[in-house]
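We will go from one stop to the next, with a note on what to find at each.

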Amino acid sequence: LLGGIVEADDEPTGVHSLGVVRLSLAVAVELGIGKSELSELEYAALLHDVGKIKIPKEILHKAGPLSEAEWTVMRTHSELGAAMLESVGGMLAGIAPVVRHHHERWDGDGYPDGLKADAIPLFSRIIACCDTFSAMTADRPYSAARSVADAVAEVERVAGSQLDPQVVAALIRVAAASRLARAA
């Protein structure tokens with residue numbers, strides 16, 4: 001239901017979230033995460049941007065660079081999403097920390113709490129990597145889609161600073177396998 005609300009509120013965000021789900025699950029399998037844990041990741045990946053329904057559309061769809069004030073508002077979406085999930089309760093409250101921390105950085109320079117390395121929940125690190133990759137390979141109001149090769153090069157470049165290096169390595173293996181499967 002919440003995934004449908006995200007898509008109804010903003011179709012590009014909903015479509016992006018579905019792509020992040022597929023990629024996150026593939027990366028998790030590549031990392032050896034068991035099937036019993038994948039449903040939690042699936043829901044967290046689907047709802048990682050649910051807080052964007054509370055972000056003004058003029059900020060969300062701005063064609064040019066965001067001002068510092070607009071970035072301040074945009075950066076609240078992970079906290080807003082986590083709060084929404086906590087208010088629903090149950091299993092959704094359980095994934096709220098994953099949603100809250102999907103913009104933390106491996107080097108501690110992320111938001112909202114400045115968590116670093118393994119202090120960031122693993123599923124948040126997976127979603128962060130897949131979210132970054134997905135955003136780069138899709139057209140956005142502010143930038144054209146990059147090629148898969150360019151996106152792979154960029155996630156490799158930020159492995160160890162922005163992104164968990166082990167998750168990046170798994171994503172690259174998934175991306176390579178996907179290209180091989182399409183070529184066969």
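This is a predicted model: local features need pLDDT of at least 70, side-chain atom pairs count only at pLDDT 80 or more; totals for chains, interfaces and linings use all residues.

Residues are numbered from 1 along each chain as its sequence is written, and side-chain values use heavy atoms, leaving out hydrogens and water.

**Confidence.** Colour by pLDDT, the predictor's confidence in each residue, from 0 to 100. The protein averages 88, and 85% of the residues score at least 70. Select residues 2–9 for helix α1, whose mean pLDDT of 55 is the lowest among the elements, then residues 68–74 for helix α5, which has the highest, 97. (Helices, H or I, of at least four residues and strands, E, of at least two are DSSP runs, numbered from the N terminus.)

Next, select α3 (residues 35–46) and α8 (residues 122–136): their axes come within 10 Å and cross at roughly 50°. Axes are lines fitted to C-alpha atoms, for helices over the stretch in contact, and angles run from 0 to 180 degrees between N-to-C directions. The two helices are therefore oblique to each other (angles under 35 degrees count as roughly parallel, over 145 as roughly antiparallel, 65 to 115 as roughly perpendicular and the rest as oblique).

**The loop between α7 and α8.** Now select P112, found in the loop between α7 (90–100) and α8. A cis peptide bond joins Y111 to P112, with omega about 10°. A117 also sits in the loop between α7 and α8; this residue has a positive phi of about 50° although it is not a glycine.

**The cavity.** Finally, select E104, R105, W106, I120, S124, R125, A128, Q162, L163 and D164, which line the largest cavity. On a 1 Å grid over the protein atoms alone, a cavity is a set of points where a 1.4 Å probe fits but cannot get out, and lining residues have an atom within 4 Å of a point. Its volume, the space filled by probe spheres set on the points, is about 50 Å³.

Key:
On a 1 Å grid over the protein atoms alone, a cavity is a set of points where a 1.4 Å probe fits but cannot get out, and a pocket is an open set with protein on both sides within 12 Å along at least five of seven lines; lining residues have an atom within 4 Å of a point.
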